[in-house]
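This report describes the fold, the nonpolar core and selected residues of a single protein chain. The sequence and the model are shown first.

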Amino acid sequence: LPDLKVEQAFELSDAAAERSAAACSVQLGKEPIIEYLSSNIALIEKMIEEGYEDARTLQRRADKMKEWIANPELLEPDADAEYKEIIEIDLNTITEPILACPN
């Protein structure tokens, strides 16, 4: 799922938690993350421009995001990593919508 938008990955991980999953991890590619961070940088810079409190803290956050974008590095599993179990779900086999209610 490397091409998922960051917001879609948030939705997927949130849905996993709602279904009592112990954990969820989505390995995104660099491009969707850069797109998301760029949007956040624009928002932060607009907030600073409009006089939002603690501009220095906001600018530090934006600068850190820009720093990562300039040299993006992602965590990746070791090539020889061993897992207790790998569960693969072919999403093409899900033909009906899945609805969940709180609790």
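Leucine 37 is located in helix H2. The model is a predicted one. With a relative accessibility of 15%, leucine 37 falls under the 20% limit and therefore counts as buried. Setting aside neighbours within four places in sequence, leucine 37 has contacts with Met65, Trp68 and Ile69. For isoleucine 69, the C-alpha to C-alpha distance from leucine 37 is 7.9 Å, at a sequence separation of 32 residues.

## Overall architecture

The protein chain contains three helices and zero strands, and the order of its elements from the N terminus is α-α-α. Its radius of gyration is 18 Å, whereas a compact globule of 103 residues would have a value near 13 Å. The C-alpha trace spans about 50 × 40 × 25 Å along the principal axes.

Of the 103 residues, 16% are buried. The accessible surface of the chain amounts to about 9100 Å², and carbon and sulfur atoms account for 52% of this area. When contacts between residues at least 6 apart in sequence are considered, 63% of them join residues at least 24 apart.

## The nonpolar core

Which residues form the largest nonpolar core? This core has eleven members: Leu4, Val6, Ala9, Leu28, Ile33, Leu37, Ile41, Ile44, Leu58, Ala62 and Met65. At least two of its residues come from each of the helices H1 (6-18), H2 and H3. The largest contribution is that of H2, which supplies four residues.

Helix H3 comprises 16 residues, 55-70, and extends 22 Å from its first C-alpha to its last, close to the 22 Å expected at 1.5 Å a residue. Its buried residues are Leu58, Ala62 and Met65. These residues lie on the same side of H3, because they cover an arc of only 60 degrees around the axis. In an α-helix there are 3.6 residues a turn, so residues three or four places apart point the same way.

The buried residues of H3 pack against helix H2 (30-49). One of them, leucine 58, touches Ile44, Met47, Ile48, Tyr52 and Glu53, when residues up to four places away in sequence are not counted. On the face of H3 turned away from its buried side are the exposed residues Arg56, Lys64, Glu67 and Ala70.

Aspartate 54 is placed in the loop between H2 and H3. Most residues other than glycine have a negative phi.

Aspartate 90 belongs to the segment after H3.

| Residue | Relative accessible area | Class |
|---|---|---|
| Leucine 37 | 15% | buried |
| Aspartate 54 | 49% | partly exposed |
| Aspartate 90 | 44% | partly exposed |

Conventions
Residues numbered from 1 in each chain as written. Predicted model: local features only at pLDDT ≥ 70, side-chain atom pairs only at ≥ 80, totals over all residues. Heavy atoms only, no water. Expected span 1.5 Å × (residues − 1). Buried < 20%, exposed > 50% of the residue type's maximum accessible area, 1.4 Å probe, protein only. Arc of directions from axis to C-beta. Contact = heavy atoms within 4.5 Å. Rg over C-alpha atoms; globule rule 2.2 N^0.38 Å. Areas by Shrake-Rupley, 256 points an atom, 1.4 Å probe, with all protein chains shown as cover. Core = buried A, V, L, I, M, F, W, Y, C linked by side-chain atoms within 4.5 Å.
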